[in-house]
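Please examine the model below with attention to how its structural labels are assigned.

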Amino acid sequence: KIFQAVVSCVGRDGTIYIIPKSFEIELNKLMTEIQSNFKCLGLLEPYCWKKGEACVVRGSDTMWYRGKVVEPGGSTLQVQYIDHGCIERIPQCHLYPTTLYTAVPPFCIPCQLYKTVPIGNFWQQDAVDCLQELLTNEEVEIHVQELPDNPWGKLSISLYFGGMSLSSFMAYQKYCVAEDCQDVSELVRFFVCVCVSFAVVILTLKRLLTSPGAVQPASNSRGRSLSFQAEKSLGRSSSVQRANSSSSDFNFTDFVLHCEYILGCFVVFVFLFTEMPCLVEYQDGLWYRAKLLSIEEFDPVKILVQFVDYGSFSVVPTSRLRHIPYHLLKYPVQAVRALLAGFKPALYDKNVKRIPYCPEWSVEALWAMMECVEGKQLSASILALSPEVTISLYEDDQNLVHMKLIEMGLAELDE
């Protein structure tokens with residue numbers, strides 16, 4: 001009842017045609033066979049076409065496709081590509097009648113959104129335009145809700161694109177009314193552990209895959225221990241990565257390079273909303289997973305994003321944003337924020353330059369903490385998971401990282 005598919009077409013009446021990913025190999029085989037059997041031009045002599053008659057259609061790419069006549073008459077006929085769903089007016093010279101392949105069912109499935117009623121009881125042209133821009137050639141997740149009474153009827157589905165419900169999105173845009181409509185901001189499928197962060201610094205902690213030589217601090221009765229590699233992060237700020245991810249074979253570098261390799265498949269955004277997952281081009285020219293937070297500037301438009309695998313933030317133009325393919329959402333988010341325990345700000349001194357968004361800490365303390373952790377291999381002891389992830393950080397010699405801030409007079413011990 002749940003499967004991946006590619007949207008091949010959105011009809012003028014709002015019908016969504018999908019090709020299940022599991023059909024792709026068989027469809028490619030059929031297309032290869034059709035090309036080998038039809039090496040001619042279209043039918044050049046007069047022919048009396050009938051409605052519903054099977055044929056092959058020579059597309060604009062010079063490939064032959066299976067089709068059927070929807071509306072005959074005149075020098076052009078209305079023909080539907082039965083494996084893709086789209087309907088076009090085709091000159092007769094680009095058609096050829098055939099009974100070959102009629103026993104093979106269509107590879108595309110016509111669908112309608114489950115318990116979703118368009119405004120005015122039919123999809124308006126601007127809504128259809130929106131669906132076409134949003135879905136055409138995109139990989140989506142299909143949840144089958146109801147089978148049609150007629151085998152050739154429309155399948156009732158819930159469709160998820162980029163991790164969010166299409167029905168909820170269209171309702172949010174006021175194109176329709178959907179039952180059980182969810183809040184758009186809650187539909188992002190990223191698993192992000194949100195917790196209060198130590199205001200001075202958000203650490204980038206790169207997970208070490210299981211390593212016999214990993215440095216482990218002495219575990220105490222209050223929690224567990226884990227090891228990680230601290231690395232320089234995007235934008236010089238980031239967050240603590242999960243060390244106990246279930247994807248033990250996850251190669252983060254390969255994943256980022258994969259994003260870059262398949263960039264040609266990505267499309268620019270048509271609609272933007274808070275918490276929307278996306279891909280963002282960073283200063284190094286590579287593409288990283290992120291989520292949209294807010295619009296920071298309007299002329300030109302610039303968006304505040306957070307890199308979900310690092311924790312850092314950046315303000316970028318829309319030209320550096322791309323839709324994220326669904327299959328890139330299956331990887332767990334690699335960064336999680338955590339509260340550093342055991343110390344607190346030093347006594348307030350109004351003559352010291354302060355962090356504007358967190359004035360209890362000095363700018364000097366911020367830079368000192370970054371100096372302590374960036375590019376170093378550290379270990380952590382998890383003290384608590386609720387109400388917020390709380391950890392202690394250790395250096396290679398198993399000394400607490402924050403002791404240097406205390407020695408410098410930038411922080412005090414907090415029992």
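The questions and answers that follow concern this predicted model.

Q: Why is G311 called buried?
A: The relative accessibility of G311 is 3%, and buried means under 20%; G311 therefore counts as buried. G311 is found in the loop between β18 (301-307) and β19 (313-317).

Q: What makes H143 count as buried or exposed?
A: H143 has 16% relative accessibility. The cut-off for buried is under 20%, so H143 is classed as buried. This residue, H143, belongs to strand β10 (residues 139-146). Leaving aside neighbours within four places in sequence, H143 is in contact with K1, I2, S156, I157, S158 and Y160.

Q: Why is the aromatic pair of F38 and W64 called tilted?
A: The centres of F38 and W64 are 6.0 Å apart, with 40 degrees between the planes. Pairing requires centres within 6.5 Å, and planes under 30 degrees apart would be stacked, those over 60 edge-to-face, and the rest tilted; the F38 and W64 pair is therefore tilted.

Q: Why does the pair of F38 and W64 tie together parts that are apart in sequence?
A: F38 lies in the loop between α1 (24-37) and β3 (54-58), whereas W64 lies in strand β4 (residues 64-71), so the pair ties together parts that are 26 residues apart in sequence. Both F38 and W64 are buried.

Q: What makes the pair of Y65 and Y81 edge-to-face?
A: For Y65 and Y81, the angle between the planes is 75 degrees and the centre to centre distance is 5.6 Å. Edge-to-face applies over 60 degrees, with centres within 6.5 Å, so this pair of Y65 and Y81 is edge-to-face. Y65 lies in strand β4 and Y81 in strand β5 (residues 76-81), so the pair ties together parts that are 16 residues apart in sequence. Y65 and Y81 are both buried.

Q: How many aromatic pairs does the structure hold?
A: The structure holds 11 aromatic pairs. One aromatic cluster is formed by Y282, Y288, F307 and Y310.

Q: Which residues of the largest nonpolar core touch the most other members?
A: In this core of 43 residues, they are W123, L135, L159, F161, L166 and M170. Helix α2 (residues 125-135) supplies the largest share of the core, six residues. Another core, of 24 residues, lies apart from it and includes C372, V373, V401 and A411.

Methods: Residues are numbered from 1 along each chain as its sequence is written. This is a predicted model: local features need pLDDT of at least 70, side-chain atom pairs count only at pLDDT 80 or more; totals for chains, interfaces and linings use all residues. Side-chain values use heavy atoms; hydrogens and water are left out. A nonpolar core is a set of buried Ala, Val, Leu, Ile, Met, Phe, Trp, Tyr and Cys residues joined through side-chain atoms within 4.5 Å. Buried means under 20% relative accessible area, exposed over 50%, partly exposed in between (1.4 Å probe, protein chains only). Helices (H or I, at least four residues) and strands (E, at least two) are DSSP runs, numbered from the N terminus. Contact means heavy atoms within 4.5 Å.
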